[in-house]
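Please keep the sequence and the structure in view while reading.

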Amino acid sequence: MPLSNSSELRPSFLLAGPPGCWLSVPLCSAYVLALAGNGAVLLAVRLEPGLHAPMYLFLCMLAAIDLGLATATVPRALSFYWGGSREIGFAACLLQMFLIHALSAAESTVLLAMAADRYVAICHPLRHAAVLTNSATAKVGLLAVARGVLFFLPLPLLLLPLPFCGSRVLSHSFCLHQDVMNLACANTTPSVVYGLTAILLVMGLDAVLICLSYVLILKAVLRLAAWRERLKVLGTCMAHICVVLAFYVPLIGLSVVHRFGKGLAPLVHIVMGNVYILVPAVLNPIIYGVRTKQIQRSILSLI
């Protein structure tokens, strides 16, 4: 069917959910908690010289990424829920989509680097200081950003030439690649193939390598004779394990909802999308704040 004008090629999209939705209250509360928690972690590490070590620098990277993810999505959703501004422009939607996927890839890379940090610290403690220097940690941060950009910049570029002449209603209160792609009225096979490949090569590969690192850590821990020593060593990994679960469980849940949840209520898609964005941002500073005494002392001294 011929397109009548260029607006069908470059439409604005409609965010999911009714204005004034009750979700705005928990959404705003979670966003404020994410800002306060991650901001406190960044400030504590910045002002405390004793925390200028790879473990805490990785935590700062996580905090910065979580702040970026939350800020790229939540304010726009709240402006819709409270102000009724449901439309999001084509360019703004693609930019938001790119930021979400690129920052998620960067967070996955940092989590893998933190798993490697735990592996070296437990399995090769004498080499830990030489291998994981502050310079090496900074290079990991740059690699995480570059990896997210290089792998996920093609996603909006593949959607850019596609026509959108049907429904414009999204499944979430923000833009995701699969959601936007499904609204195109053209062949989306290249986008499907590349999107799946990028996810598997980044998040999928990282998850496998994180599991492998913990298998090696567990083997090293089981060589210890005393149970008290085993529990003490494993205790140093608990915060990272919880953070990994807080990132990957919502990611898997959102993927399952996209793949098998076409018959579910629209509210389920909206809630799962917000859980994916905000759960890591809210829980990460709480987990490390509870498990790490140095951060507790630094934040208390700031207060």
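Predicted model: local features only at pLDDT ≥ 70, side-chain atom pairs only at ≥ 80, totals over all residues.

Once its neighbours within four places in sequence are set aside, Leu 111 is in contact with Leu 62, Ile 210, His 240, Val 243, Val 244, Phe 247 and Tyr 248.

## H2 against H3

Two packed helices are described by the angle between their axes and by the distance between those axes. For H2 and helix H3 (residues 90–123), the angle is about 160° and the axes lie 10 Å apart. Because angles over 145 degrees count as roughly antiparallel, H2 is roughly antiparallel to H3. The crossing in which H2 passes H3 is left-handed.

On the H2 side, the contact is made by Pro 54, Met 55, Phe 58, Met 61, Leu 62, Ile 65, Asp 66, Gly 68, Leu 69, Ala 72, Thr 73 and Arg 76. The H3 side contributes Gln 96, Leu 99, Ile 100, Leu 103, Ser 104, Ala 106, Glu 107, Val 110, Leu 111, Ala 113, Met 114 and Asp 117. Sorted by class, the residues in the contact of H2 with H3 are 16 nonpolar, four polar and four charged.

## Ala 72 within H2

When residues up to four places away in sequence are not counted, Ala 72 touches Gln 96 and Leu 99, both of which are listed among the H3 residues that make the contact with H2. Ala 72 and Ala 226 are 154 residues apart in sequence, and their C-alpha atoms are 48 Å apart in space.

## H3 against H11

H3 also packs with helix H11, which covers residues 266–291, and here the axes come within 12 Å and cross at roughly 30°. As angles under 35 degrees count as roughly parallel, H3 and H11 are therefore roughly parallel to each other. The crossing of this pair, H3 and H11, is left-handed.

From H3, the contact involves Ile 100, Ser 104, Glu 107 and Met 114, while H11 brings Tyr 276, Ile 277, Pro 280, Asn 284 and Tyr 288. By class, six nonpolar, two polar and one charged residues take part in the contact of H3 with H11. Ile 100, Ser 104, Glu 107 and Met 114 of H3 are also listed in the contact with H2.

## Two buried residues elsewhere

Ala 44 belongs to helix H1 (residues 24–47), and its relative accessible area of 1% makes Ala 44 buried. Apart from neighbours within four places in sequence, Ala 44 is in contact with Leu 51, Ser 298, Ile 299 and Leu 302. Along the chain, Ala 44 and Asp 179 are 135 residues apart, and a separation of 38 Å lies between their C-alpha atoms.

His 177 is found in helix H7, which runs over residues 177–181, and at 6% relative accessibility His 177 counts as buried. Leaving out neighbours within four places in sequence, the residues in contact with His 177 are Met 97, His 101, Leu 155, Leu 159, Ser 191 and Gly 195.

Note on methods. Residues numbered from 1 in each chain as written. Heavy atoms only, no water. Contact = heavy atoms within 4.5 Å. Axes fitted to C-alpha atoms, helices over the stretch in contact; angles between N-to-C directions. Helix = DSSP H or I, 4+ residues; strand = E, 2+ residues; numbered from the N terminus. Parallel < 35°, antiparallel > 145°, perpendicular 65-115°, else oblique. Left-handed = near helix turned anticlockwise from the far one by under 90°. Nonpolar A, V, L, I, M, F, W, Y, C, P; charged D, E, K, R; others polar. Buried < 20%, exposed > 50% of the residue type's maximum accessible area, 1.4 Å probe, protein only.
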